Amino acid sequence: MIIREIKEDDIEGVSHVCLDAFSDSVAGSLSDEGIATFAAIASPNAFAERMKADNRMLVAEGKNGEILGVVELKEGRHIAMLFVTPSQQKGGIGRGLLTAVLKYARSETVTVSASLPSVPAYRKYGFKLKGDVGELLGLVYQPMEIIINQ
């Protein structure tokens, strides 16, 4: 597995990984509004737009060049996306992506608005709960944060 910066050619594969993982583990706990909101956020066009912003996006690439996972660090301080293709989960890809992207953090505290099913994984990565469960446009999330050494 190689972890590298996202390229424009990766966008379709990245979107596919996010939507597959979301459908597999998160969508069943959300309303139709939340599912539609996520689909818009994870669309190829949305990824292309965010590539132009102050975001660091990394992919995990398999031996055959397939995209196995993605992580997005927004403004050097917030994990906006962390998804691994369902068949590859629990194999260290998520941890590898997170470790790699945290090197680009520009803040001692990095936050995430974790989907409720992903809270146990983020806890394993060292994130702590920070505040109450919230909802925005149908997406239900648990605020979490990790303090990193700069």
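Tutor: Leaving aside neighbours within four places in sequence, Tyr122 is in contact (heavy atoms within 4.5 Å) with Ile79, Leu82, Val112, Ala114, Phe127 and Met144. Before going further, note that this is a predicted model, in which local features need pLDDT of at least 70 and side-chain atom pairs count only at pLDDT 80 or more, while totals for chains, interfaces and linings use all residues. Residues are numbered from 1 along each chain as its sequence is written, and side-chain values use heavy atoms, with hydrogens and water left out.

Buried here stands for under 20% relative accessible area, exposed for over 50%, and partly exposed for values in between, with a 1.4 Å probe and protein chains only. This core has 24 residues, and Ile79, Val110, Tyr122 and Phe127 are the members that touch the most others. Two or more residues each come from strand 2 (55–61), strand 3 (67–74), strand 4 (78–84), helix 4 (93–102), strand 5 (109–115), helix 5 (119–124) and strand 8 (139–147), where helices (H or I, at least four residues) and strands (E, at least two) are DSSP runs numbered from the N terminus. Helix 4 gives the largest share of this core, 6 residues. A second, separate core holds 20 residues, including Ile6, Ile11, Val26 and Leu30. In soluble globular proteins, nonpolar side chains tend to be buried together.

Glu75 is partly exposed, at 34% relative accessibility, and it forms a salt bridge with Arg77, the closest N and O atoms being 2.6 Å apart; a salt bridge is a side-chain nitrogen of Lys or Arg within 4 Å of a carboxyl oxygen of Asp or Glu. Arg77 is partly exposed as well, with a relative accessible area of 41%. Another positive phi in a residue other than glycine, near 55°, is that of Leu137, found in the loop between strand 7 (134–136) and strand 8.

The structure holds 7 salt bridges. One of them joins the side chains of Arg56 and Glu5 at 2.5 Å, N to O, and this pair links distant parts of the chain, with Arg56 in strand 2 and Glu5 in strand 1 (residues 2–5), 51 residues apart. Arg56 is partly exposed at 30%, and Glu5 is partly exposed at 34%. Lys52 pairs with Glu49 at 3.1 Å between the closest N and O atoms, and Lys52 counts as exposed at 65% relative accessibility. Arg4, Asp10 and Glu61 are linked in a network of salt bridges.

For the whole chain, there are 5 helices and 8 strands, running from the N terminus as β-α-α-α-β-β-β-α-β-α-β-β-β. Buried residues make up 45% of the 150 residues, and residues 24 or more positions apart account for 60% of the contacts with a separation of 6 or more. Along its principal axes, the C-alpha trace spans about 40 × 40 × 30 Å.

How values were computed
Core = buried A, V, L, I, M, F, W, Y, C linked by side-chain atoms within 4.5 Å.
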